[in-house]
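Hi everyone, thanks for coming.

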Amino acid sequence: MAVVEDKATHPDSPAKDRFGMTSKRAGGADERLASTGRLTQWLRRPEAGAAGGLAATIIIFAMLPGAANLYSLQGSMTFLTLSAELGIIATAAALLIIAGEFDLSVGSMVGFAGVVIGLTVKYWGLPLWGGIACAFAVAILTGYLNGLIVVKTRLPSFIVTLASLYILRGLSIGITRAVTGRTQIPYILDGAQDPGTAGLFNGHLLTGLFHWMGAQGWIATRSDGIPFVVGMPMSIVWWLGLTALAGYVLTQTKYGNWIFATGGDLNAARNVGVPVDRVKISLFIYTACAATLLATIQVMEAGSADTTRGLLKEFEAIIAAVIGGVLLTGGYGTVYGVLFGALIFGLVQMGIFYTGIDTDWFKVFLGIVILMAVLVNNYIRLKALGRGGGK
Amino acid sequence: MTEPAQHIQPAMELRGVSVNFGSVRALQDIDIKVYPGEVHCLLGDNGAGKSTLIKVLSGVHRPSKGEILVDGKPVTFRSPRDAQDLGVATVFQDLGMISLMSITRNFFLGREPTKSKLPFSRIDKERANAVARQAMADIGIDVRDPTQAVGTLSGGERQSVAIARAVHFGARVLILDEPTSALGVHQAAMVLKFIIEARMRGLAVIFISHNIHHAYPVGDTFTLLNRGRNRGTYAKSDISRDEVISIMSGGEDLKAVEAEIAGLLAQIGNRPSATP
């Protein structure tokens with residue numbers, strides 16, 4: 001590297017003088033930094049690719065027919081809700097991937113947690129909050145076991161959680177059918193009158209503001225004066241809240257530093273005293289809890305639990321994380337990128353619906369986006385390391 | 001076998017340390033004393049037991065037999081972190097650096113300075129950056145930007161970050177595992193300067209190498225390992241570079257090999273012009 005050569009070859013360079021002495025010069029800014037402009041620095045951020053992709057997606061759908069409906073307040077809330085539901089689990093999946101592990105059991109956990117709420121509330125007479133607490137307890141146990149098996153056996157989490165995927169899905173269907181004789185648990189909320197707890201997951205925020213905007217004629221209202229969109233759905237609030245929290249933890253705290261280190265180089269992290277096993281297990285628990293949060297939201301909205309819920313959600317979560325600039329090999333990524341990734345996902349899914357494009361094409365599009373995202377990520381990672389490209 | 005003429009207590013000492021891996025005796029009955037302000041070189045060819053020894057010193061492996069003393073007190077390292085907490089810091093060959101993380105994040109990994117004691121308290125980044133920069137400057141490295149990824153640094157710079165980190169966090173015994181092996185001439189020279197710098201600060205430096213040309217100029221004491229055994233500890237004044245090379249490579253063995261080669265060459269009528 002150029003700087004080191006300079007020190008070694010120029011006899012009057014400052015490095016020579018400082019040998020054996022303490023330098024006080026180091027505090028100030030370094031003039032050699034000037035070459036890295038703000039734009040380059042921004043482009044080096046891991047979420048840059050996802051932000052660009054989101055901008056492109058927004059523009060593309062704005063030019064297609066049906067854009068007015070897609071970008072109306074109702075349309076926006078619809079795709080934002082889709083993004084939110086994915087984003088809640090994708091953020092957790094992203095943290096886990098950054099720490100170097102996968103959890104393929106996320107989707108099954110969504111189904112299983114829903115079943116736990118349904119059965120405990122409807123068949124075992126627990127109050128709604130009790131059922132939800134049970135589901136979270138099950139999630140903590142599942143995440144702990146996933147994590148424990150991965151760190152103790154050192155098997156790839158891909159295989160361990162693939163087993164959990166089948167076990168949890170099988171348990172969901174088996175237990176539900178054994179207890180109810182069906183694979184769905186409908187009318188869960190009918191017997192449990194607890195609007196406070198339910199509202200925490202399926203309510204709306206800022207209803208006063210939206211009502212006021214409706215009264216002003218700014219947003220569409222029904223004939224009785226109530227706006228079509230009564231407020232911001234709680235799923236979006238949870239999504240944004242958890243993303244902000246995860247972003248803070250990842251970039252600002254000790255624990256976040258440990259997450260990066262655990263995924264970046266396990267042995268190096270362990271050697272300097274990072275409790276890598278605890279980091280991994282705690283993230284498996286967080287992922288299972290995020291899946292349970294999503295399950296709770298879905299159960300509260302639909303009023304029912306379905307053993308097939310969350311099918312393939314584990315892959316969607318990983319896709320959103322990858323689109324968001326998280327490196328599949330671990331050690332690199334941001335949750336803000338995942339926010340963009342989830343937005344792209346929701347936007348495309350609803351956009352294809354609104355523009356009247358055959359929804360069969362959604363998966364083709366998705367595949368292409370994944371491929372592009374991985375290529376862009378790889379390029380950005382090399383940039384971050386100061387290498388031009390290639391290997 | 002000569003002991004260095006020092007009457008102060010060794011900073012670190014191994015007494016009769018053996019390590020067995022199943023039926024393989026990786027180390028047998030090793031005695032080593034390392035004093036403050038001394039560069040103690042551990043030299044040996046491939047397979048001599050250097051890597052195993054470094055893992056014992058740094059707390060990765062526990063000895064099957066024998067004891068480790070730090071400042072005269074017997075200790076047991078359960079992990080490298082235990083060793084670090086007692087002031088024994090190791091810079092491994094892979095440096096323990098995470099390339100995609102910044103210099104500062106690497107520097108403070110595992111010891112992040114937080115603004116309060118709360119569980120999810122914010123890392124004090126301004127202070128961390130300033131301290132990392134200053135600690136690097138203290139051993140003579142000018143960091144352009146402490147937030148740049150370690151992967152953007154050259155091998156020598158990475159090595160120096162690792163050394164600066166160990167020195168900053170109060171290492172009294174600094175163990176360097178082949179710090180110059182992957183480096184070019186200039187960068188190796190830079191790292192050798194840091195070793196002298198650390199020694200001048202009163203650290204006990206254990207310098208593991210198979211390169212006598214890097215070890216000899218900075219070393220005060222030389223312990224020669226061969227096939228898992230200590231072949232002697234010598235002060236610099238008692239041993240020449242060539243003698244070190246001779247013992248390292250198994251002395252007599254090498255002479256036998258040389259004789260054999262000379263014989264072969266004589267047979268085909270092509271005598272070597274000079275025998276070392």
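**A strand with two partners**

Let's start in chain B, where five bridges join strand 1 to strand 4 (residues 65-70), and those two run antiparallel. Strands here are DSSP runs (E, at least two residues), numbered from the N terminus, and two of them pair if DSSP finds at least two bridges between them.

Before going on: this is a predicted model, where local features need pLDDT of at least 70, side-chain atom pairs count only at pLDDT 80 or more, and totals for chains, interfaces and linings use all residues. Residues are numbered from 1 along each chain as its sequence is written, chains are lettered from A and ligands numbered from 1 in the order in which they are written, and side-chain values use heavy atoms, leaving out hydrogens and water.

Back to strand 1 of chain B: it also pairs with strand 2 (residues 24-34) of chain B, antiparallel again, over seven bridges. These two make a hairpin with two residues between them, and B:Gly22 in the turn has a positive phi of about 60 degrees. Have a look at B:Glu13: it stands opposite B:Leu69 in strand 4 of chain B and opposite B:Lys33 in strand 2 of chain B.

So is strand 1 of chain B open or enclosed? Largely enclosed by the rest of the structure, because seven of its 10 residues (12-21) are buried, meaning under 20% relative accessible area, with exposed over 50% and partly exposed in between (1.4 Å probe, protein chains only).

How values were computed. Helix = DSSP H or I, 4+ residues; strand = E, 2+ residues; numbered from the N terminus.
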